[in-house]
Amino acid sequence: MTTQRTHLHDILIVGAGLAGMRAALAAPTNLDVALISKVHPVRSHSVAAQGGINAALGENDSWEAHAFDTAKGGLYLGDQDAIEAMCREAPGDILELERLGVIFSRDAEGRIAQRPFGGAGFPRTCYAADRTGHALLHALYEQILKRRTTVYEEWYVTALVIEDGVCRGVIAWDIVRGGLRLIQAKAVILATGGSGRAFLTSTNAVINTGDGMALAYRAGVPLMDMEFVQFHPTTLKDTGILITEGARGEGGYLLNTLGERFLKRYAPEQMELATRSTVSLAIGQEILEGRGVDGCVLLDLRHLGRDKILERLPQIRQIAMEFAGLDPVETPIPIRPGAHYQMGGVRANQWGETAIPGLFAAGECACVSVHGANRLGGNSLLETIVFGRRAGTRAGEYAGTARHETLAPQHLAEEQARVERLLAQSGGERAWQVRQELGTTLSTNLGIFRTKESMTAAGSTVRELRPRAAAVTVQDKGRVFNTDLIQALELQCLVELAETIIAGALAREESRGAHYRSDFPTRNDAVWLRHTLTQRTPGGVRLSYAPVTVTRFQPK
Ligand SMILES: Cc1cc2nc3c(=O)[nH]c(=O)nc-3n(C[C@H](O)[C@H](O)[C@H](O)COP(=O)(O)OP(=O)(O)OC[C@H]3O[C@@H](n4cnc5c(N)ncnc54)[C@H](O)[C@@H]3O)c2cc1C
């Protein structure tokens with residue numbers, strides 16, 4: 001942590017999850033690199049990743065096969081040049097991670113073990129039991145410590161500093177001591193993760209409020225494909241805690257109230273390992289048609305046996321015991337789909353470059369785009385590593401030739417005025433109340449089934465929530481560790497993003513991957529094989545579209 005008054009760096013990385021730390025390690029060592037994070041780095045949501053990370057390591061596997069599965073799984077909305085880069089570079093990145101000290105689970109021959117995952121034609125998901133994110137994040141953090149990289153720990157970035165159309169730093173609130181500071185940098189990399197907390201039931205950590213996407217959006221960078229929010233098929237009843245796809249990868253079944261493996265009617269070949277959007281829709285349909293169990297279906301692991309569950313899925317067993325009060329060795333787990341992953345995000349190219357020079361983005365907050373309309377399990381951790389590394393490399397090249405400019409004082413002054421107003425105002429609701437309503441309307445109206453009516457209703461609710469979010473009362477008027485203030489700022493980000501999700505989803509009159517419209521149930525490549533771009537204007541969200549890059553896999 002730093003206390004000096006002038007904050008000046010070559011590269012500032014916002015976010016210390018996997019994408020941010022990987023970017024920091026890729027930057028040239030002669031540059032001054034700093035990370036900034038609203039929580040301690042190893043509390044970033046990456047730590048919660050369970051199932052694993054994909055790479056074609058097997059003798060009979062190939063990066064081309066991985067690329068094909070990714071393009072197909074994403075319903076051909078992913079840009080294939082970016083997909084190719086990710087899949088081609090994946091094996092090298094996994095071996096690099098291993099050299100950095102990641103303890104991957106092993107097979108009988110001592111090689112990195114790989115488990116089958118949904119939508120993959122080959123078992124290519126590398127894992128560390130069911131705590132893969134933990135293993136990866138801690139190994140990278142050790143490297144950050146070793147390099148003595150500056151880490152602004154528990155600082156909250158409230159705005160980007162853009163001058164003459166170039167990104168030159170950020171404004172951030174020091175959570176521990178209170179107060180806003182200007183942190184100047186030649187290059188800024190956004191690695192702020194996902195926005196799952198816009199929804200009421202989500203697998204995401206409470207810190208996943210899409211801040212980086214909102215910062216870029218406010219600065220004029222388009223967000224891409226925001227309507228594609230992945231609903232993970234198996235989240236725990238009541239709490240929404242994730243039950244990894246690895247549970248099905250290891251052989252778990254999904255059962256309805258009749259005890260039937262209903263996937264045979266939806267995906268007879270892939271069964272429980274069909275893509276997430278297919279499995280989520282199937283579960284939703286079973287529940288709708290009255291074959292659910294108390295608003296859920298059952299994930300049955302009993303036939304795997306105690307030993308395999310203890311070895312491969314120890315955390316899942318613990319979660320089921322602690323949060324559902326049952327032992328999966330003996331009892332099936334009640335699960336239902338929940339918001340999990342934002343396929344869209346800050347539009348960035350394969351090197352993390354955005355529309356604003358000096359501003360880069362990587363990881364879940366970015367849309368490069370490799371996941372298209374539906375992300376395959378294990379591809380997100382991979383994305384953070386490959387594109388985090390690439391963004392760090394390119395930002396290094398950029399910062400190596402850029403100069404620090406003297407910045408106008410109004411950047412800090414304006415932001416100070418905004419935060420002081422928020423702190424001072426009274427008479428409004430609490431941030432959590434507005435957030436609850438936002439989450440409810442999105443989960444109800446933009447969940448796995450969407451219609452024009454449901455989304456229009458969500459649109460008018462969110463329009464009404466915007467001024468209420470701006471008028472919330474921060475009851476804690478202090479400066480030190482004011483989480484009330486942070487939640488108010490996060491809420492404003494979530495509302496902004498909700499508008500882009502709704503606008504993109506209402507306009508897209510087709511069904512593709514995670515975006516399923518009961519009123520337009522088929523995919524329409526003739527019109528909709530294109531990316532949605534949302535841009536902020538004073539009058540609201542402006543929509544435009546961009547072509548999808550197709551290289552070797554023609555949409556089928
Ligand atoms: C429960 C769960 C399990 C998952 N399992 C898997 C899996 O097995 N395989 C897979 O491929 N994917 C999985 N995913 C998805 C994957 O884990 C994430 O997409 C990925 O880890 C995101 O990494 P990231 O580096 O982009 O962001 P994160 O790890 O979320 O880090 C974001 C960082 O940004 C910082 N930040 C955010 N806003 C601000 C701000 N305003 N100011 C300062 N700092 C800020 C945070 O403090 C944090 O350090 C899972 C996701 C969840 C939720």
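Which residues of H5 meet which residues of H14? Keep that question in mind while you load this predicted model.

**Stop 1: H5 against H14**

On the H5 side, show Asp211, Met213, Ala214, Tyr217 and Arg218. They meet Glu490, Gln492, Cys493, Glu496, Leu497 and Thr500 of H14. By type, this contact holds five nonpolar, two polar and four charged residues.

Two packed helices are described by an axis angle and an axis distance.

**Stop 2**

Now walk across the strands.

- E17 and E15 (345-347) pair in the parallel sense over two bridges. Pick Arg347; its bridge partner in E17 is Cys367.
- E10 and E18 pair in the antiparallel sense, also over two bridges. Pick Met224; its partner in E18 is Leu533.
- E18 and E19 run antiparallel and are joined by eight bridges. They form a hairpin with two residues between them. Thr537 stands opposite Gly540 in E19.

**Stop 2: the cores**

In soluble globular proteins, nonpolar side chains tend to be buried together. The largest nonpolar core has 130 residues. Which of its residues touch the most other members? Select Ile11 and Ile53. H14 returns here: it supplies the largest share of this core, 13 residues.

Centre on Ile11. Beyond its neighbours within four places in sequence, its contacts include Leu31, Val33, Ala185, Ile189 and Ala399. Asp32 and Gly396 are also among them.

Next, move to a second, separate core of 25 residues. Select Leu254, Ile283, Leu301 and Val329, which are among its members.

**Stop 3: helix H9**

Select H9, residues 314-323. Its buried residues are Pro314, Ile316, Arg317, Ile319 and Ala320. What do they pack against? Show strand E11 (229-236), helix H8 (306-312) and strand E14 (333-342). Then step just past H9 to Gly325, where phi is positive, at about 65 degrees.

**Stop 5**

Most residues other than glycine have a negative phi, and most peptide bonds are trans.

First, zoom to the peptide bond from Val368 to Ser369. It is cis, with omega near 0 degrees. Ser369 is in the loop between E17 and helix H10 (379-401).

Next, select Leu75, in the loop between helix H2 (63-73) and helix H3 (80-99). Its phi is positive, near 55 degrees. Is Leu75 buried or exposed? Its relative accessible area is 19%, so Leu75 counts as buried, the limit being under 20%.

Finish at Phe481, in the loop between helix H13 (452-470) and H14. Phe481 is not a glycine, yet its phi is positive, at about 45 degrees. Phe481 counts as partly exposed, at 41% relative accessibility.

Terms used. Residues are numbered from 1 along each chain as its sequence is written. This is a predicted model: local features need pLDDT of at least 70, side-chain atom pairs count only at pLDDT 80 or more; totals for chains, interfaces and linings use all residues. Side-chain values use heavy atoms; hydrogens and water are left out. Two strands pair if DSSP finds at least two bridges between them. Helices (H or I, at least four residues) and strands (E, at least two) are DSSP runs, numbered from the N terminus. A nonpolar core is a set of buried Ala, Val, Leu, Ile, Met, Phe, Trp, Tyr and Cys residues joined through side-chain atoms within 4.5 Å. Buried means under 20% relative accessible area, exposed over 50%, partly exposed in between (1.4 Å probe, protein chains only). Contact means heavy atoms within 4.5 Å. Ala, Val, Leu, Ile, Met, Phe, Trp, Tyr, Cys and Pro count as nonpolar, Asp, Glu, Lys and Arg as charged, and the others, Gly among them, as polar.
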